[in-house]
Structure formats: structure tokens, C-alpha cells
Amino acid sequence: MPRPKMPDGLYVSVSQVKTWLMCPRKYELKYIRGVAPEFVPVNLAFGSAFHEALAGYYNEIKVSGAPLRRDLVLDTFRAAWAKAAEGDVPLQADDDDDPGVMIDKGVSMLHAFYEQAGTPEVESVEHGFTITIHDVDTGDALEEQLVGSMDLLIREEGRIVVVEHKTSARRYTEDQLRHDFQLSAYQIASRESGLGDVALRYQIVTKTKVPAVQIADVHRDERDEQDFLRTAGGVLRAIDAGVSYPLRGWQCRTCPFQGPCEQRGSS
Ligand code: SF4
């Protein structure tokens, strides 16, 4: 089965690995067959618009030393949301997220963010990386390069902190903070791309009635890194072997490939 390619060769990202683990058929439809999505899930568009507003906030600190004004942060969010709503692919809400209330929700979440964000020393915003990853057992370089983009790099007490922004229905649980392999991957990527020994942090803004900002510093050790590499390697081997099957569950509700999935039947 052919895998996603960039001009420089084969690649894999954390979100691709997560997509395959969530549903191999969704991965196949999206990345192998290149099927166009029937809609953009509201949650996804909301998260992108929110990230864009935060990127504007931190970019201004990097450029001028002061944060972007609050009204301009809100404008950035509204403009990104409007662009998503007017895009060629329609937005579709799930049961929890009516598009009509999402702007008000986003604005109130950004106010909560703005109250606590402060003025950190910004190193980089949307920091892209492409690194070689290795098989944990043999040490051989994998054919696929790991690509991705870290939301924010700041410097605290001489050390780089990788900050991952999230919007979430509720605060992250200890299990989510402990086991999400995204920051394990970013720790590997930071070291391999010359950023050295970094600290890792989640900045989560909740969509609760009264939004809250959860700042969580997390630690990833060698075993966490190996777990990620084994997971990514296992997924890549499964893709190479042509493994694809529908994994039905809560994820189907917001899946933009429901139609093509049904056409392929239950095999
Ligand atoms: S509808 Fe469900 S089973 Fe089908 S591709 Fe989407 S997530 Fe997978």
C-alpha cells in the first residue's frame, strides 16, 4: 500500500499515527486514497482558529517584545473562524458544539487565556521539524522521516520549553497528561534538531461554561520515547502490510469520511 510522500521522500507525523490508531480505515481514506472530506468537524476548525489567535499573540512578543493587543487576538480568532465557515468544505457540528455558539465560546476562552498568558521569552512559534527516526531494537534509520510543528518554544531559566496548546471540553486527566505520546515525539524531535534537553508543557484552555487555563509541566523518559518509536514503527509496518479495517465507535460521529466508509462496506 503506498504511503504519504513529500518531495524528499516518505514521512510520518504524530497526527497520522494517531489517526491510524483511532481508525485504520480513516487513515486509508485520508492519507492513502486522498479522499476529500465531506465536511470539516467544528471541533477541528475551532481548534485551528484558536491556535491561530495564540500564534498571533506569541508572534507579536517575538517581534516587538509585547503581546498582541487583546482586541486583535480576538479579531484573529474571528477572522480564522469566518474563513473556515466560508471555506469550500462545509463545517459540521457534533452534538456538543453548535457552530452558532462557538464564536462566543472562543472569545470567552481567549479572555481566560489573555488573563494569565503573560510575556514569556518567545524563541519560536509554529516551529517545524523534519527528523530521522530509528528502529528501537536494531538502531536502523526508518525510511520515513518524522515531520511536525511544535506550537511554541519559550525560554525559561536558560532552557527551552516546548509548549503544546490544546482546547478541550474539560481539564486533562492525569492519564492524558502522562500517556499522550505527542510530547514524547517532540522531545525526540527537539534533541535531534539541535534544541537540546527541553522541558515539556501543555497549555490547555477548557471549553467549560467558565473557561479555565490548565498549565501542566510533564516529563517524558527514555521508555516513553521508545514507546512512541515502537508505536510509530508498528503502525508503519501495518500500513506497509496493507492492514486497514473500520474501527467503529464514538469517532464515527465526527468522521468526515462516513460516506466513503459506507461505500467500502463492512469488510
Ligand atoms: S466512519 Fe468510523 S469506521 Fe468509518 S472511517 Fe470513519 S471512523 Fe472509521
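The shell around the ligand is made up of 8 nonpolar, 2 polar and 3 charged residues. This is a predicted model. Of the 13 residues around the ligand, the nearest are Cys-23, Pro-246, Cys-252, Cys-255 and Cys-261. Helix H2 (24-32) and helix H9 (258-263) each give the shell at least two residues. H2 makes the largest contribution, with 3 residues.

Now step back to the whole chain. It has 9 helices and 9 strands. Along the principal axes, the C-alpha atoms fill a box of roughly 50 × 45 × 35 Å. Of the 267 residues, 28% count as buried. Take the contacts between residues at least 6 apart in sequence: 73% of them join residues at least 24 apart.

Start with H3, residues 42-64. Helix H3 has 23 residues and reaches 33 Å from its first C-alpha to its last. That is close to the 33 Å expected at 1.5 Å a residue. Its buried residues are Val-42, Asn-43, Ala-45, Phe-46, Ala-49, Phe-50, Ala-53, Leu-54, Gly-56, Tyr-57 and Tyr-58. Just after H3 comes Gly-65, with a positive phi of about 90°.

Next is H8, residues 222-240. Its 19 residues should span 27 Å at 1.5 Å a residue, and the end C-alpha atoms are 27 Å apart, which agrees. The buried residues of H8 are Asp-224, Phe-228, Leu-229, Ala-232, Val-235, Leu-236 and Ile-239. Seen down the axis of H8, these buried residues fall within an arc of 135°, so they line one face of the helix. An α-helix has 3.6 residues a turn, so residues three or four places apart point the same way.

What covers that buried side? The cover over the buried residues of H8 includes strand S2 (9-13), helix H1 (14-22), strand S5 (121-134), strand S6 (141-156) and helix H7 (182-192). The face of H8 turned away from its buried side carries the exposed residues Glu-222, Arg-223, Arg-237 and Asp-240. After H8 comes Gly-242, whose phi is positive, near 80°.

Key. Residues numbered from 1 in each chain as written. Predicted model: local features only at pLDDT ≥ 70, side-chain atom pairs only at ≥ 80, totals over all residues. Near = placed C-beta within 6 Å. Helix = DSSP H or I, 4+ residues; strand = E, 2+ residues; numbered from the N terminus. Nonpolar A, V, L, I, M, F, W, Y, C, P; charged D, E, K, R; others polar. Buried ≥ 20, exposed ≤ 12 C-beta atoms within 10 Å, placed from the backbone. Contact = placed C-beta atoms within 7 Å. Expected span 1.5 Å × (residues − 1). Arc of directions from axis to C-beta.
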